[in-house]
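Welcome, and thanks for taking a look. Here is a short briefing to read alongside the sequence and the 3D view.

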Amino acid sequence: MVVSGRAGPRDASAAPGGPSRRTPPAFVELYEEIADCPRCELARTRSHTVPGAGPAPAEVMCIGEAPGQREDELGLPFVGASGRFLDQLLAVAGLARDTVYIANVVKCRPPDNRDPALEEIAACAPFLDRQIAAVDPRVIVTLGRFSMARWFPGEAISRIHGRAKRADGRLIVPMYHPAAALRNGGLRPVIEADFAQLPQLLEHARAGAATSAPAAITHAAPPAAPTTSTTPAGERLL
Ligand code: SF4
C-alpha cells in the first residue's frame, strides 16, 4: 500500500526524522538507519535527520540539496518558504505534493547553512541510491546545483535548466532550487516555465518514447544566477 509522506502534523509517537505511520513500508528501515547515521561530520551538528517524504513508488521524485533550519527542527524536507513555493510549482505541473517523493542529497543540515562538502554528499549517496531504487520514478527533478551535479557534472544550471536527459531509464530534469527564486524574483518565471513542462515530460517518460535525450526546452535566458546565500528563515540558496 502506498502511504502518503506529505509534510504535515506528525504522529505523536514518531520522532522527527524517524519513520512514522506515513512512512512508506519500503522506507521504515532506511529512515531508522539514517536517523542513527554517523557517516559524516554533519551527524555531529544536526538536530534531526531529514530522510525524505512522499510515497514509494512515485512517478516523480524531486531531489534538493540539504535541510535548512526548519527542516532540521522538524525532520521533514521543504517545510519552510521554499517548501510552500515548491508546492505552488508542483501545482503548476498539476501535481500534488503527496504524489511526489522529495529528498535531499544530504540528510543532515550543514552548520550555518553552508554548502554540503563533496565527502558529505558521497557519504550520503548510498541512502539516495536506495531511495531512488525504491521510489523508481519515471522523472527525477533535480533542484539546485548539488543534485544536478550527480547527473550533469561540470554543467552550469543557468545553461541547462529545464533540459531533460535520459539516464538509467529515467528522465532527469535539472531545475533551479525554489529558494533561488525567493532570493532573485527574476528567476520565478524561469522556474515556473520549467515546472510547466513537467506534464509533457512525464507523458514522454510514460510512453517510453525517450530512447535518447528529448528536445531541449526553449525558454528565455535566465537572469544572472544568485550567489550562495540564505533567506532570513535560514533556508539554503544557491
Ligand atoms: S548527511 Fe548523510 S551520511 Fe552524513 S551523517 Fe547525515 S545521514 Fe549520515
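Where in α4 does a kink lie, and what is its angle? The kink is at Ala125, shortly before the proline Pro126, and comes to about 40°; the bend at a residue is the angle between axes fitted to the seven residues ending there and the seven starting there. Please keep in mind that this is a predicted model, in which local features need pLDDT of at least 70, side-chain atom pairs count only at pLDDT 80 or more, and totals for chains, interfaces and linings use all residues. Residues are numbered from 1 along each chain as its sequence is written.

**The sheet**
- Five strands form an open sheet with mixed pairing, in the order β2-β1-β3-β5-β4; strands are DSSP runs of E with at least two residues, helices are runs of H or I with at least four, and both are numbered from the N terminus.
- β2 (100-104) and β4 (165-167) stand at the edges with a single partner strand each, so one side of each has no neighbour in the sheet.
- β1 (residues 60-64) pairs with β3 in the parallel sense over 4 bridges, where two strands pair if DSSP finds at least two bridges between them.
- β1 also pairs with β2, again in the parallel sense, over 5 bridges, and Met61 stands opposite Tyr101 in β2.

**Strand β3**
- All 5 of the 5 residues in β3 (residues 139-143) are buried, meaning that 20 or more other C-beta atoms, placed from the backbone, lie within 10 Å of a residue's own.
- In a regular strand, side chains alternate between the two faces of the sheet.
- Val139, Val141 and Leu143 cover one side of β3, with Ile140 and Thr142 on the other.
- Val141 is the bridge partner of Cys62 and stands opposite Val173 in β5.

**The core and helix α4**
- The largest nonpolar core has 59 residues, of which Val60, Met61, Val100 and Val139 touch the most other members; such a core is a set of buried Ala, Val, Leu, Ile, Met, Phe, Trp, Tyr and Cys residues joined through C-beta atoms within 7 Å.
- Helix α4 (residues 118-135) gives the most to this core, with 6 residues.
- Buried residues of α4 include Ile121, Cys124, Phe127 and Leu128.
- The buried residues of α4 pack against α1 (28-35), β1, β2 and α5 (145-151), with contact meaning C-beta atoms, placed from the backbone, within 7 Å.
- After α4 comes Asp136, whose phi is positive, near 50°.

Note on methods:
A residue is buried if 20 or more other C-beta atoms lie within 10 Å of its own, exposed if 12 or fewer, and partly exposed in between; C-beta atoms are placed from the backbone. Two residues are in contact if their C-beta atoms, placed from the backbone, lie within 7 Å.
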